[in-house]
Amino acid sequence: MNELAAENQLTPAGEQYLAACWSDSTRRCYAGDVRDFLRWGGSLPATQAQVLDYVTDRAQALRIHTLKRRLTGIGMAHALQGYPDPTKGALVKKLLRGVKRVHGVGQRQAQPITYNDVLRMFDGTTSLIQARDRALLMLGFSAAMRRSEIVSLNVEDLSFVEAGLSVRLRRSKTDQFGKTRLIGIPHGRGEACTVHAVRQWLQQSGVKDGPLFRRILKSGRLGARLSDQSVSLIIKHYAARVGLPAERISGHSLRAGFVTSAVRAGASLVSIQRQTGHASLDMLARYIRELDPFMCNAHDHLS
């Protein structure tokens, strides 16, 4: 049974619109939340007592952010099937508040992969896989992209111009309705040139349209579009090669690394925001503080 299927009797066109209300990654997360609840021993529909027991048990292993997301997925499954939402009760809210007080709300931060880290990841060999991975990592870093944004790129989203490479990001975590955003990547020097790395991948692979980054089969032929999970594995693989702690590396490490490197190089917050697409400078400043409390520290100007 599809736990996220709606009970409403919609036309096929209506079902398509309903399915489009979430991104693929959000849908996978919600479905995973419901599966975790069912594996634990829950049922649909669930009672509030079941939800209270689930929260109490899972609070020993899950961070509060993950636990709240689990309840969102469980609640959504109930709403779509026309059941009362057992996650919205006052007791559930008070229990979550207690979990926060006991365990805290800190989240594990991804280890940033900095500019110098990216440059150390490749040894000059030019196999097809390395050409793809080099382009993927350098583009993901230079455009401060999330893994979902990297895999969503098509060749048609790229424009090679005199100043470098222009990337049109059609959708992102903060733009689910396709307003699009242009990201400029200037030419670099030698091996540090993202524009050259992307062009080399296109020339070597023969990719002319459609998905930019694709699977490479054992036969050497190109397969389907890479998944965001594949991007995480690629990032972890190359991070381990240069001695970074694999357990702290995630698909977010390239984005975090760009911000870290740009701040250390003296870039303005406005120029960083243009690249990252943060909704506000306040959000970007908070993001920087979470990465490293010593970056942009006021004490730097007192000595």
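**View 1. Helix H7 crosses helix H9 (residues 194-205), their axes coming within 8 Å at roughly 145°.** Axes are lines fitted to C-alpha atoms, for helices over the stretch in contact, and angles run from 0 to 180 degrees between N-to-C directions. Helices (H or I, at least four residues) and strands (E, at least two) are DSSP runs, numbered from the N terminus. The model is predicted: local features need pLDDT of at least 70 and side-chain atom pairs count only at pLDDT 80 or more, while totals for chains, interfaces and linings use all residues. Residues are numbered from 1 along each chain as its sequence is written, and side-chain values use heavy atoms, with hydrogens and water left out. The crossing of H7 and H9 is left-handed, a term for a near helix turned anticlockwise from the far one by less than a right angle, clockwise being right-handed. On the H7 side the contact involves Leu128, Ala131, Arg132, Arg134, Ala135, Met138, Leu139 and Ser142; H9 contributes Thr194, Ala197, Val198, Trp201, Gln204 and Ser205. By class, this contact of H7 with H9 has eight nonpolar, four polar and two charged residues. Contact means heavy atoms within 4.5 Å. For the classes, Ala, Val, Leu, Ile, Met, Phe, Trp, Tyr, Cys and Pro count as nonpolar, Asp, Glu, Lys and Arg as charged, and the others, Gly among them, as polar.

View 2. Strands pair if DSSP finds at least two bridges between them. E1 is joined to strand E2 (residues 164-169) by four bridges, and leucine 158 stands opposite valine 167 in E2.

**View 3. Strands E4 (residues 214-216) and E5 (residues 222-225) run antiparallel, joined by two bridges.** Isoleucine 216 has leucine 222 in E5 as its bridge partner. Five residues lie between the strands of this hairpin, where glycine 220 takes a positive phi near 95°.

**View 4. Phenylalanine 37 and tyrosine 54 form an aromatic pair between helices H2 and H3.** Rings of Phe, Tyr and Trp (its six-membered ring) pair if their centres lie within 6.5 Å; planes under 30 degrees apart count as stacked, over 60 as edge-to-face and the rest as tilted. The count by this rule comes to six aromatic pairs. For phenylalanine 37 and tyrosine 54 the ring centres are 5.1 Å apart and the planes at 90°, so the pair is edge-to-face. Phenylalanine 37 belongs to helix H2 and tyrosine 54 to helix H3, 17 residues apart. Phenylalanine 37 is buried, with a relative accessible area of 0%; tyrosine 54, at 0% relative accessibility, also counts as buried. Buried means under 20% relative accessible area, exposed over 50%, partly exposed in between (1.4 Å probe, protein chains only). Ring pairs link Phe37, Trp40 and Tyr54 into a cluster. In H3, Gln50, Val51, Leu52, Tyr54 and Val55 are buried, and what covers the buried residues of H3 includes H2, helix H4 (64-80) and helix H5 (90-103).

**View 5. Aspartate 228 lies in helix H10.** At 8% relative accessibility, aspartate 228 counts as buried. Leaving aside neighbours within four places in sequence, aspartate 228 is in contact with Ser25, Arg28, Arg147, Ser148 and Val151.

View 6. Most residues other than glycine have a negative phi, and most peptide bonds are trans. Proline 45 is found in the loop between helix H2 (24-40) and helix H3 (48-58). Alanine 144 counts as buried, at 0% relative accessibility.
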